[in-house]
Amino acid sequence: MKKRKFLSTKTIALLSASALLLVGSTVGSTRAALTYYSENYAAQVEVSSIGVSLTENGEVVSSRDYSHKNDEWNETSGTLLADLQKDGKIIPGKKYDEELKVSNSGSIDSYVRVILTKSWKTPDGKKDTNLDPDWIELNLLTDNGWMIDESASTKERTVLYYSGIVGAGQETKPFADSLKINNEIGQQVKTETTTDKDGNKIINHVYKYNGYQFDLEAEVNAVQTHNAQDAIKSAWGVDVSVAADGTLSLQ
């Protein structure tokens, strides 16, 4: 009697997004924070007027604004991709709306910077440095005033600057508009063959990255426009040029 073969394909319950965002300036490396001004220039600005927020698909995700009246920072913190995390699964190859902007929630003009970090984690929460961060495809927009600092960016980390002044109560153009996980991750399949007690062969197709998570973190910084070149150098450690109209460019 010929032994029968059974084919079993395990479904891929993939990618529980665990993107954390903006929970304060003293948190650990898995969190992101808003920084608001250079300490060297605190005396030259109305500190109570400093404020910055991050918006996701039109909604404020997190913000940090100083209240002079109460002498404290008013903060709201949230989680990126919260709507996608409701199911706990993201379909590889499917594009999701992910419009990200920065708004000036203070009352003085500012320049802003965003630092994005992408990484992968195994099902037990350990960072996987072998899986390509480029498979976390956040579509960045750089034709609307945003510019990437290539010298400070890596596969995991992208640094963006907004070239224009963000006026009080105004917001930037989007620096991202969609998110997709590269379909290649769902093609990584290995075949395992076992034999049951009756001698039947059972072939399992196992997805290599089943249960993996990805992290998408965003850090938003704001610097005053007063004495901008020195303030930015002090706060961010970069040399910039400022045109007569206030347009920022990297040196």
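This is a predicted model: local features need pLDDT of at least 70, side-chain atom pairs count only at pLDDT 80 or more; totals for chains, interfaces and linings use all residues.
Biologist: Which residues of H2 are buried?

Modeller: H2 runs over residues 228–236, and its buried residues are Ala228, Ala231, Ile232 and Trp236. They sit on the same side of H2, because they cover an arc of only 95° around the axis.

Biologist: And what do those buried residues pack against?

Modeller: A set of strands: E6, E10, E14, E15 (240–242) and E16 (248–250).

Biologist: OK, zooming out. How many helices and strands does the protein chain have?

Modeller: The secondary structure comes to 2 helices and 16 strands. The chain has 251 residues, and 44% of them count as buried.

Biologist: How much accessible surface is there, and what share belongs to carbon and sulfur atoms?

Modeller: About 13,200 Å² for the protein chain, with 43% belonging to carbon and sulfur atoms.

Biologist: What about contacts between residues at least 6 apart in sequence: what share join residues at least 24 apart?

Modeller: That share is 68%.

Biologist: Let's talk cores. Which residues have the most contacts inside the largest nonpolar core?

Modeller: Leu80, Val102, Val112, Trp120, Trp146, Phe175 and Phe214, in a core of 34 residues. Several strands each supply at least two residues of this core, among them E2 (51–56), E5 (95–103), E6 (110–121) and E14 (213–224). The largest share, 5 residues, comes from E14.

Biologist: What does the second core include?

Modeller: That one is separate and has 13 residues, including Ile115, Val223, Ala231 and Val238. Ala231 is also one of the buried residues of H2.

Biologist: Back to Val102. What is valine 102 in contact with, leaving aside its neighbours within four places in sequence?

Modeller: Quite a list: Val52, Ser53, Leu54, Val112, Val114, Trp146, Glu171, Thr172, Phe175 and Val220. Valine 102, in E5, is also the bridge partner of leucine 54.

Biologist: How do E2 and E5 pair, then?

Modeller: They pair in the antiparallel sense, over 4 bridges.

Biologist: Why is E2 described as largely enclosed by the rest of the structure?

Modeller: Because 6 of the 6 residues of E2 are buried. Gly51, Ser53 and Thr55 are on one side, Val52, Leu54 and Glu56 are on the other, and all are buried, so both faces are covered. As background, in a regular strand the side chains alternate between the two faces of the sheet.

Biologist: Switching to charges. How many salt bridges does a search of the whole structure find?

Modeller: The search finds 8. Lysine 121 and aspartate 215 make one of them, at 3.2 Å from N to O. That pair links distant parts of the chain, with lysine 121 in E6 and aspartate 215 in E14, 94 residues apart.

Biologist: Is aspartate 215 buried or exposed?

Modeller: Aspartate 215 is buried, with a relative accessible area of 4%.

Biologist: What does glutamate 156 form a salt bridge with?

Modeller: Its partner is lysine 127, and the closest N and O atoms are 3.1 Å apart. Glutamate 156 is in the loop between E9 (146–148) and E10, while lysine 127 is in strand E7, and the two are 29 residues apart. Glutamate 156 is partly exposed at 24% relative accessible area, and lysine 127 counts as partly exposed too, at 48%.

Biologist: Which residues are linked in a network of salt bridges?

Modeller: Glu99, Lys101 and Glu171. For lysine 101 and glutamate 99, the N to O distance is 3.9 Å. Lysine 101 is buried, with a relative accessible area of 16%, whereas glutamate 99 is partly exposed at 29%.

Biologist: Last topic, the hairpin. How many residues are between E12 and E13?

Modeller: There are 5 between them, and glycine 199 in the turn has a positive phi of about 85°. E12 (residues 189–195) and E13 (residues 201–207) pair in the antiparallel sense over 7 bridges, with valine 189 standing opposite tyrosine 207.

Biologist: Where is asparagine 204 found?

Modeller: Asparagine 204 is in strand E13, and it is buried, with a relative accessible area of 14%. Its C-alpha atom is separated by 8.1 Å from that of threonine 194, 10 residues apart along the chain.

Note on methods. Residues are numbered from 1 along each chain as its sequence is written. Side-chain values use heavy atoms; hydrogens and water are left out. A nonpolar core is a set of buried Ala, Val, Leu, Ile, Met, Phe, Trp, Tyr and Cys residues joined through side-chain atoms within 4.5 Å. Buried means under 20% relative accessible area, exposed over 50%, partly exposed in between (1.4 Å probe, protein chains only). Contact means heavy atoms within 4.5 Å. Two strands pair if DSSP finds at least two bridges between them. The arc is that of the directions from the helix axis to the C-beta atoms. A salt bridge is a side-chain nitrogen of Lys or Arg within 4 Å of a carboxyl oxygen of Asp or Glu. Accessible areas come from the Shrake-Rupley method with a 1.4 Å probe; for residues, only the protein chains shown count as cover.
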